[in-house]
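Take a walk through this model from its overall layout down to a single side chain. Keep the viewer open as you read.

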Amino acid sequence: MATARREVVQTVVDGVTVEVRRSAKRRRTVSAYRQEGQLVVLVPARMSAAEEGEWVRTMVARVAASERRKQRSDGDLERRALELSREHLGGRAVPSSVRWVSNQSSRWGSCTPAEGTIRLSDKLQGMPTWVVDYVLLHELAHLLQPGHGPQFWRLIEGYPRLERARGYLHGVSASAGLGLSDD
């Protein structure tokens with residue numbers, strides 16, 4: 001049984017150490033991921049050196065952009081909360097703090113209305129902005145209306161991607177076996 005030929009080359013692109021892996025098994029797709037601090041780019045063996053160089057630069061840029069999106073700060077989150085409050089809740093929900101947390105295992109977000117604090121699970125980082133916005137708006141609404149009664153849902157019904165975001169979160173939770181909920 002013949003094994004597929006695979007070449008591995010180390011290079012540096014825009015200050016990022018990249019390991020380029022060429023594979024005869026890979027036909028068309030190019031992909032990239034982080035492994036032990038370095039970027040690994042997988043390319044088809046048939047690709048020319050010029051195409052490879054172009055794809056490596058593209059993948060370095062894509063991974064960097066993805067990592068920037070994932071690294072939203074607590075300050076960014078707090079600013080976004082105030083924007084969402086103005087847009088959807090008439091500016092009435094003003095949290096005392098909004099932050100990312102890593103200890104939420106059964107919820108995407110939580111709110112303590114008496115203290116005005118909102119916490120979002122760091123599992124949301126890297127998800128589409130409109131999903132994070134939905135969870136943030138959901139928690140903001142709890143500052144005005146504890147519980148999930150009809151008055152609560154009326155507060156957030158104007159969010160344009162409400163059902164889509166809820167479906168997205170349910171799908172992620174189910175596929176990963178997380179058991180997380182937005183209720």
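What follows moves from domains to a helix and then to one residue.

This is a predicted model, where local features need pLDDT of at least 70, side-chain atom pairs count only at pLDDT 80 or more, and totals for chains, interfaces and linings use all residues. Residues are numbered from 1 along each chain as its sequence is written, and side-chain values use heavy atoms, with hydrogens and water left out.

Start with the domains. The protein chain is assigned domain 1 (8–70) and domain 2 (74–176); such bounds come from an automatic or database assignment. Their C-alpha centres are 35 Å apart.

An unreviewed UniProt entry annotates residues 101–165 as "domain: YgjP-like metallopeptidase". Such annotations may be inferred rather than shown by experiment. The span is 42% helix and 15% strand, and its end C-alpha atoms lie 20 Å apart. Helices (H or I, at least four residues) and strands (E, at least two) are DSSP runs, numbered from the N terminus.

Now take helix α3, residues 129–144. Its 16 residues should span 22 Å at 1.5 Å a residue, and the end C-alpha atoms are 23 Å apart, which agrees. The expected span is 1.5 Å times one less than the number of residues. Because 14 of the 16 residues are buried, α3 is largely enclosed by the rest of the structure. Buried means under 20% relative accessible area (1.4 Å probe, protein chains only).

Finish at Q38, in strand β4 (residues 38–44). Its 17% relative accessibility makes Q38 buried. Which residues does Q38 contact, leaving aside neighbours within four places in sequence? They are Q10, T17, E19 and Y33, where contact means heavy atoms within 4.5 Å. The C-alpha atoms of Q38 and V18 are separated by 6.1 Å, at 20 residues apart along the chain.

Definitions and conventions. Buried < 20%, exposed > 50% of the residue type's maximum accessible area, 1.4 Å probe, protein only.
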